[in-house]
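Subject: Structure for you to look at

Hello,

Please find the structure below, together with its sequence. My notes on what was found follow it.

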Amino acid sequence: MGSSMQESKPKMTRVLALHGYGTSGEIFRSQTAAFRLKLPKETYTFTFPNAPLPSAPTVGVDSIWNQTPKFYAWWPAQSSNTSEIRASHDHLEEILASEKEPFDLVMGFSQGCSLIMSYILYRYQEHVLTRPPGEKFELPFKGVMFICGGPSLPVLQDLGVKVSVRAWDVNNATAALLHKRTEKLKFKADNPDTIKRGEGLWDEVGDLLHDPTSKRKVDPRDVFGLDFTDQNMRKAVGELGEIVPTVHVYGGRDPRWPASVQLAQLFEGGMNERFDHGGGHELPRTTECSVRMAELMEKLRRRVEGLEGEELRN
């Protein structure tokens, strides 16, 4: 007939990327560039919004990205006020609703992970309290990649979970250690002549609250003070692990590693891929780590789109 069939382009996977405290969307774009370059071409599109609150830069960031004029936070640093955390959900809802097409995946770093975790848990609680039993729980996205994240203990407590003294002690101690490490980063960035060849920011492990070389399996009854078998924890978390496919990327030398393990345990039950890149509270940029992170995002994409059996795109 003379007419020709036009080959349709494959669907682009839309990813919402939520930065950490005291940085910005543009900084997160730069931080994730290495692994995004390893993803199949013409498969993903990323959106990097800024958080709603102007903030001071997180320690050391302004020494590295000194051309960035503004820094942002989803809520004030170390806030235990759940109303401030829930206010950030309103901004997240605005971002999700502003796009013509829904996001397929959400990716967060540090405070961005806490934002995603708290949003999912509060939305799940609302579903349980207001929807008929048996009705399917749905989110405006299909899967999550958490990078150097952790659960918000005030949010868990607000949802009725008993947060032990030990869990609070671990949280406070690891936060203080991370601050100590980033202060060292800032000093070295501002005084490059003090940097010794082969010296790494995350080399010091003697004061960590965990053994970065340990392969011991996590006991769900005591994940650094959180009991994931407790009735109130099970009520708050439900079967989210089976509902929300997740990937968890963290570093064994990160002082906040215990929080990342707690967050991963929160979503145990379904697709719960974990990758310890061996570094600190950072996005690794080595080729090996970048390739592995890209592989895990591809696995997550195929899972949420029901394409586990497809061949990898080049």
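What is the volume of the largest cavity? The largest cavity has a volume of about 50 Å³. Before the rest, a word on the source: this is a predicted model, in which local features need pLDDT of at least 70 and side-chain atom pairs count only at pLDDT 80 or more, while totals for chains, interfaces and linings use all residues. Residues are numbered from 1 along each chain as its sequence is written, and side-chain values use heavy atoms, with hydrogens and water left out.

Cavity

On a 1 Å grid over the protein atoms alone, a cavity is a set of points where a 1.4 Å probe fits but cannot get out; a pocket is an open set with protein on both sides within 12 Å along at least five of seven lines; and a lining residue has an atom within 4 Å of a point. Points are joined across faces, edges and corners, and a volume is the space filled by probe spheres set on them. The count comes to one cavity of 30 Å³ or more. Its lining consists of Pro151, Leu153, Ala167, Val170, Asn171, Thr174, Arg256, Pro258, Ala259 and Gln262. Six of these residues are nonpolar, three polar and one charged (Ala, Val, Leu, Ile, Met, Phe, Trp, Tyr, Cys and Pro count as nonpolar, Asp, Glu, Lys and Arg as charged, and the others, Gly among them, as polar).

H7 and H10 each supply at least two residues of this lining, and H7 gives the most, with four residues. Helices (H or I, at least four residues) and strands (E, at least two) are DSSP runs, numbered from the N terminus. One of the lining residues, Thr174, is found in helix H7. Thr174 counts as buried, at 1% relative accessibility (buried means under 20% relative accessible area, exposed over 50%, and partly exposed in between, with a 1.4 Å probe and protein chains only). Leaving aside residues up to four places away in sequence, Thr174 touches Leu209, Pro255, Arg256 and Pro258, where contact means heavy atoms within 4.5 Å.

The largest pocket has a volume of about 1200 Å³. It is lined by 43 residues, of which Tyr21, Thr58, Ser110, Leu178 and His281 are the closest to its centre. Helices H3 (61–64), H5 (111–130), H6 (153–158) and H7 (165–190) each supply at least two residues of the lining. The largest share, eight residues, comes from H7. The lining of the largest pocket divides into 21 nonpolar, 19 polar and three charged residues.

The second largest pocket has a volume of about 640 Å³. Of its 22 lining residues, Arg216, Lys217, Val218, Trp257 and Val261 are the closest to the centre. Helix H10 (257–266) and strand S8 (272–276) each give at least two residues to this lining, and the largest share, three residues, comes from H10. The lining of the second largest pocket has eight nonpolar, four polar and 10 charged residues.

Aromatic rings

The whole structure holds nine aromatic pairs (rings of Phe, Tyr and Trp, the last by its six-membered ring, with centres within 6.5 Å; planes under 30 degrees apart count as stacked, over 60 as edge-to-face and the rest as tilted). The rings of Phe28 and Phe109 have centres 6.5 Å apart and planes at 40°, so this pair is tilted. Phe28 is in helix H1 (residues 25–31) and Phe109 in strand S5 (residues 105–109), 81 residues apart, and the pair links distant parts of the chain. Phe28 is buried at 0% relative accessible area, and Phe109 is buried at 8%. Phe28 and Phe109 also belong to one aromatic cluster with Tyr44, Phe46 and Phe48.

The charged end of Arg36 sits over the ring of Phe46, 5.4 Å from its centre (NZ of Lys or CZ of Arg within 6 Å of the ring centre and within 35 degrees of the ring normal). The charged end of Arg86 sits over the ring of Tyr122, 3.9 Å from its centre.

Backbone

Most residues other than glycine have a negative phi. Glu42, not a glycine, has a positive phi of about 55°, and Cys148, also not a glycine, has one of about 50°. Glu42 counts as exposed, at 63% relative accessibility, whereas Cys148 is buried, at 2%.

Regards
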